[in-house]
Amino acid sequence: MDLTIVYIDDDAKMKEDAFLDDIRDDVDDIQCFEKPSDGLLFIKDHIDQNIVVILDWKFNSSSMQGTDVLNDIDSISVLVPVIVFTGATIDAVEASKMFKGHAFSCVPKDATTGDLLAAINNAYDRIQNDIRSVMEKWILKQSEEKRNKPYMRSGDKVYTLNEILASIRKQDEFGKETTRGILTLATELFTNNMREK
Amino acid sequence: MENNNTSILHFKFDVSTFRLLGRELITDRITALFELVKNCYDANAEKVDISFENLNPLSEQSRIIIADDGLGMTFEDLRDKWMVIGTSSKRRKRTSPAPYCRVVAGKKGVGRFAVDKLGGKLVLRTKKKESPVWHCLETDWTKYLEEENRQLALDFEDSSKQQRLFTDIDNKYWTEPAEIGVQGTRLEISSLNDVWLERDVIRAYRELSKIVRPTQNVKYPFDICLHVPEYRDYDNKSVESLVLAKATLSFILHYRYDEGEGKYYQEYLKEEKGELLVKEKEAEAFGPIGFTIYYYDQEGKKHFTKEDRIDGIKVYRDSIIATPFAEYKSSRDEQKDLFGIDKRRWSGFFEKLSTRDIIGWVDIKDELNPEIKDSTNRQDFVDNKEWTALKAFVIDQVHQIELYLKHEKDSKKQKNAERLKKADGDIEDIKQKINRIKGQAFFASPEVEAELEEITTRLGTIKDSVSASSKDYERLEEDKRQQENIMFSLVSLQAYAGQISHILRISIGIIKRSAEFVAKWIPLGQKYDKSVKHARRVFEEMNNLSKAMNFMLSYAEDDSTFEFFSVKEAVEELFEDRYKFLFEEESIKAEYAVEDDFELSYNKKAFQDMFGNLIDNSVKALRNTKDKRIRCSVYRENNNLVMFFSDNGPGISDESRDRIFDVFYTTTSDLGGAGLGLYIVRTRLNSIKGTISLETNEFKPTGATFKIVIPLIH
């Protein structure tokens, strides 16, 4: 898989966990961080890569908790899938925090590697198939020069590809509108094709 | 197949149906008045004046006038809402317009029926703030009554031609000039149906006092004032909230600005020797606040209706609720406990207040409390040091009330016990006095002697009963103390179980995945080195699991036996077994030193529990410390065991120093701290004539050090 796993967990011994050894050959890279802030920095600097984050939920040695990290990742890009990996019992209140932070899934700490791998595969599939991720990838394929040139006009404003990318990652109003527009266009093209046949 | 004779029929609504419906919905005039005032509340009124004029006897001048300063109605509202029976826009919207956002009280759209219940004629005047005119509407229910009577007199078979429907009757509408900026609705009801006696007005007052809510939107007052010139007690009388008036205890804490010093001063509650005093200190880091708190005991709670529940402490910023997410929820579990008041409760056994016992509000201002900010998800406040300090302040104030209540309860108990003892003594005195009289009463008749004899016998029986009650009382108290001891043990188990189950789940996961790795790769003959590593990991984690399990099993053993045990071994067990995983998990460097190996006669588990509580406290205190350390040293001094226990956490603030041993005092309620740990330690030590004290911290620059002394012979 063309994928980087970012694993954020303050329990040092988890770096040696069997699941990491098991999937090491299947992914491009695995990065482990004990401090959430270091993990966040890495995500920010490598946002152009396919990243799946595995996130511990209760941090003993940090003022940040899982929910804060989740929100911070969300503000970098909503397109990064986050799998919460926790030993805590998750009640409705905690679950609601996860949903609000757009966690992709939640796996208990006593899960098997198989369970974790299934969650990672699902997350990877989303990266591959989500229209927003497809648009992100297409923009990233363009040269930096091209990405900085005005590309489209919406209302009074002219957007470069990089600005469009930022909007898609943040899913602000313009980002949502552009995503919807592309989906409508794709459906239109697809059905046109069917009609012509 | 289509039927060519198809046509459409409409229901018709005659006058008597309307009146029948009204009688079903509004059963009496107090309810009618109540419904009309609820409408004022829903219209965001802050003031409602209810005037009763010429109530007794009734005359043409008899009036009930309900005037509010609410949002008022437009002509369209009047036509499309007020005049349409059964319409209620409130059914669709459950709250009144912002910023009041009151949970609407009237829901059925039956206010119009209510007017009919009170009197025959209504003149309604209403206007919105921006309207230049009052919209006026006169409804004469007597016309409807006449029509109803006329219809009832008609022959049913022939009535269709002469039938006038409810909707056919005219209501007069006109406008009157008005000042812009004024708003509200005024209902003037005349041709009253009934005489209002004073007791009817009293009933109305009581009912209305239920609308004045203490729990919701208190920042937008809803004042009701009665004007009844004929009954002086109820003339110009403000209706007070029944539930606030019935609070068992209530406090309003203010702040002030000292211009000379340029500082804010904050009022706070402090329990001292059974008295709850309002004191003043310099405002804390979170800034000065207004704080209002009401406490209800069981008696006080009886005054609450189902809807109007006691629901804890809220925060208002610049008069607007800052925590709408913490507002009333039908399910208690969904309701947010902003300050962690309930988290301190481990069970219902202790005399501890919960959000079900108190109503309160904290008033903050953007200008004075800038660091109390909403978090981005608007589900909480930003977790900074100011918010932590504010939470600690609120929890402390609740705790002061708890201490006061505990003192009250204890002193009541003591008085009862003393009274019983005194009664016992008094009876003995009387008995002796009668015996003396008997001895000297040689002049008494045999009848008197017999009477005295009987009194003495009866007194003897009463004395036996009082003595037995007194002993029962002591026994009950002793039973209660024992129950508390069992609870303490359970609490300590509960805290540990919470930690251990978290750790167990992680351990089991590690074992599972390592075993999975080995099972997958060994048969394939690949990743041999890694397989060895994970086989070893399985072994190590299994060892950890079995140690944890053994400790859990030790709880199943008897708690009451005293035994001679080695202090060194007991401390070793704690640091090497029981808390080893926790220290590892939390990256705490834990050291211990027991100078001499000597034996202590005590319950070993109770001894270890005391340490356990100190360790739990330190773990919580160390959560934000980088290089975490715990140190314990034990030695013998004369006939005492002396132990120093230290951590290098942030230490204990001057404020908390005197209070850390108090029951339920905690600075870590957000982490599930129950404020029991040190209380349990002190209580258990006291029971064996031991002591615990806070010493100068061993670790520098910050930390906490406790000294425990246990007599070796007790």
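This is a predicted model: local features need pLDDT of at least 70, side-chain atom pairs count only at pLDDT 80 or more; totals for chains, interfaces and linings use all residues.
**View 1. The open sheet of chain A.** Five strands of chain A form an open sheet in the order 2-1-3-4-5, and their pairing is parallel. Strand 2 (29-33) and strand 5 (105-108) of chain A stand at the edges with a single partner strand each, so one side of each has no neighbour in the sheet. On average, and with direction ignored, neighbouring strands of this sheet are turned by 20° against each other. Strands of a sheet pair through backbone hydrogen bonds, and they may do this in the parallel or the antiparallel sense.

**View 2. Strand 1 of chain A and its two partners.** Strand 1 of chain A is joined to strand 2 of chain A in the parallel sense by five bridges, and five bridges also join strand 1 of chain A to strand 3 of chain A, again running parallel. Together with helix 1 (residues 18-23) of chain A and strand 2 of chain A, strand 1 of chain A makes a right-handed β-α-β unit.

**View 3. Strands 4 and 5 of chain A.** Strand 4 (residues 82-86) of chain A runs parallel to strand 5 of chain A, and four bridges join the two. Within this pairing, A:Phe85 has A:Val107 of strand 5 of chain A as its bridge partner.

**View 4. Helices 2 and 3 of chain A.** Helix 3 (residues 66-76) of chain A lies across strand 1 (4-8), strand 3 (51-55) and strand 4 of chain A, and runs at about 165° to strand 3 of chain A. The axes of helix 3 of chain A and helix 2 (residues 36-45) of chain A come within 10 Å and cross at roughly 15°. Angles under 35 degrees count as roughly parallel, and the two helices of chain A, helix 2 and helix 3, are therefore roughly parallel to each other. Their crossing is right-handed. Where the two helices meet, A:Pro36, A:Leu40, A:Ile43 and A:Lys44 of helix 2 of chain A face A:Val69, A:Asp72, A:Ile73 and A:Ile76 of helix 3 of chain A in contact.

**View 5. The mixed sheet of chain B.** In chain B, five strands form an open sheet in the order 18-20-21-23-22, with mixed pairing. Its edge strands are strand 18 (589-594) and strand 22 (691-695) of chain B, each of which pairs on one side only. Strand 21 (residues 640-647) and strand 23 (residues 704-711) of chain B pair in the antiparallel sense over eight bridges, and in strand 23 of chain B the bridge partner of B:Ser646 is B:Thr705. Helix 14 (residues 567-578) of chain B packs on the sheet, touching strand 18, strand 20 (629-637) and strand 21 of chain B.

**View 6. The contact of chain A and chain B.** The contact takes 19 residues from chain A and 20 residues from chain B. On the side of chain B that touches chain A, helix 12 (446-521) and helix 13 (528-554) of chain B are the elements that give two or more residues, and the largest share, eleven residues, comes from helix 12 of chain B.

Technical notes
Residues are numbered from 1 along each chain as its sequence is written. Chains are lettered from A and ligands numbered from 1 in the order in which they are written. Two strands pair if DSSP finds at least two bridges between them. Axes are lines fitted to C-alpha atoms, for helices over the stretch in contact, and angles run from 0 to 180 degrees between N-to-C directions. Two residues are in contact if their C-beta atoms, placed from the backbone, lie within 7 Å. A crossover is right-handed if, with the strands pointing away from the viewer, the path from the first strand over the helix to the second runs clockwise. Angles under 35 degrees count as roughly parallel, over 145 as roughly antiparallel, 65 to 115 as roughly perpendicular and the rest as oblique. A crossing is left-handed if the near helix is turned anticlockwise from the far one by less than a right angle, and right-handed if clockwise.
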